[in-house]
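Morning, everyone. Let's walk through one model together. Please have a look at the screen.

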Amino acid sequence: MSTSFVLRASERGYNKLLSTGQSSSYIAGHPEARLTRHSSFNFGPYQTGHKGFGRLRVFGDEVFSGTGCGYNIHRHHNFIICAFVLKGQLTHINTVGNIDQLSPGDYYAFSAGSGGKHCELNLRSEDTNVIYVWILPDQLLLPPSYSRGRFDPVYERNRLVTLVGNADGALRVSQDVKISRFATDKAVTLEYRLSAQTHGVYVFAIEGQAWVNDLSLSRRDSTGIWGGGDRINLRTGAEDTDLLILESAP
Amino acid sequence: MSNEPFKRWLCLGCGFLYDEELGSAEHGLAAGTRWADVPDDWVCPDCGTPKHLFEMVEIPYASGQPVQRPTA
């Protein structure tokens with residue numbers, strides 16, 4: 001899980017899950033809700049791609065379509081599950097004791113630890129688009145926890161903002177990872193400095209056009225980089241561009 | 001009896017942990033049952049993920065864990 005790669009949008013895994021039939025106990029919504037998932041790493045029925053990236057295991061670009069669509073309440077252990085809402089509204093319920101509603105820019109970190117359940121729902125008629133990232137913890141069976149944050153693409157544009165990890169204002173998680181957002185409305189060049197040379201960086205283009213060490217990324221393209229030294233050069237296009245940058249220990 | 005250290009396996013579908021040292025008595029696996037001896041058709045008791053989609057992890061327990069101790 002420490003090999004560099006380029007993953008174009010169309011090369012990702014794809015699953016469509018319906019709220020009826022075989023997956024009806026898993027997928028919420030009735031009668032015709034459907035959930036689509038583009039996976040950057042192996043997950044569920046998609047097992048022919050990358051296994052993960054460092055301490056990251058799941059990267060799902062998911063759309064919940066149809067009122068009530070989502071995941072019925074289900075059980076987890078250990079994984080730190082992060083959700084970044086891109087569009088629509090996400091209702092998140094967990095057994096830590098939270099009922100939360102998240103709008104575009106909002107994000108959460110739910111650490112399932114010694115055991116927790118959660119439910120993810122789109123209660124509205126328009127689509128909800130969420131990126132889910134699962135992180136291995138650095139300790140097993142931690143006390144479950146939940147925290148949330150907000151990224152403001154207007155006030156925090158044209159600069160790097162760390163959302164998760166060891167940084168001012170970021171959600172702290174029990175793992176050596178850092179998740180940042182870089183949203184621009186003009187061409188901006190940024191030198192991303194890694195916390196350690198042994199770390200890798202996975203860059204996912206949510207929107208727009210960007211260049212990562214001169215590799216061109218379009219919407220939903222991504223690249224994973226290991227052994228690139230202690231810095232990575234990022235450049236965004238003149239149009240609105242939005243990058244999610246995930247740094248991980250090997 | 002193998003002298004190999006016990007290993008820990010994590011379900012990549014939900015995070016369920018199988019620790020060889022502890023086994024999983026409620027799912028019919030006695031303490032000390034090696035992963036290799038878990039039947040190939042065994043699935044995660046929480047989410048149904050097949051055995052081959054578990055990953056061996058070298059992650060320590062959090063303080064106070066595991067609550068369940070292996071029986072002699």
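Start with overall shape. For 250 residues, a compact globule would have a radius of gyration near 18 Å, and chain A comes in at 17 Å, so the two agree. Along its principal axes, the C-alpha trace of chain A spans about 45 × 40 × 40 Å.

A word on what you are seeing. This is a predicted model. The model scores ipTM 0.94 and pTM 0.96. For chain B, the mean pLDDT is 93, and 92% of the residues reach 70 or more.

Now, what is chain A built from? It has 22 strands and 0 helices. How much of chain A is buried? Buried residues make up 46% of its 250 residues. Next, look at contacts in chain A with a separation of 6 or more. Residues 24 or more positions apart account for 73% of them.

Domain 1 of chain A puts 28 residues into the contact, and domain 2 of chain A puts in 22. Which strands of domain 1 take part? Six names to note: β1, β5, β7, β10, β12 and β13 of chain A each supply at least two residues to the side that touches domain 2. β7(A) gives the most, with 4 residues. By class, that side of domain 1 of chain A has 18 nonpolar, 6 polar and 4 charged residues.

Here is some background. In soluble globular proteins, nonpolar side chains tend to be buried together.

The largest nonpolar core holds 53 residues. Cys82(A), Ala83(A), Val133(A), Ile135(A), Leu243(A) and Leu244(A) touch the most other members.

Zoom in on Ile135(A). Which residues does Ile135(A) contact, leaving aside neighbours within four places in sequence? Among them are Leu56(A), Phe79(A), Ile80(A) and Cys82(A). Val173(A), Gln175(A) and Val177(A) are also on that list.

There is a second, separate core of 12 residues. Its members include Leu141(A) from chain A, and Cys14(B), Leu17(B) and Cys44(B) from chain B.

Last stop, where the chains meet. The contact takes 16 residues from chain A and 15 residues from chain B. On the chain A side, the residues divide into 7 nonpolar, 6 polar and 3 charged.

Technical notes: Residues numbered from 1 in each chain as written. Chains lettered and ligands numbered in written order. Predicted model: local features only at pLDDT ≥ 70, side-chain atom pairs only at ≥ 80, totals over all residues. pLDDT = per-residue confidence, 0-100. Contact = placed C-beta atoms within 7 Å. Nonpolar A, V, L, I, M, F, W, Y, C, P; charged D, E, K, R; others polar. Rg over C-alpha atoms; globule rule 2.2 N^0.38 Å. Buried ≥ 20, exposed ≤ 12 C-beta atoms within 10 Å, placed from the backbone. Core = buried A, V, L, I, M, F, W, Y, C linked by C-beta atoms within 7 Å.
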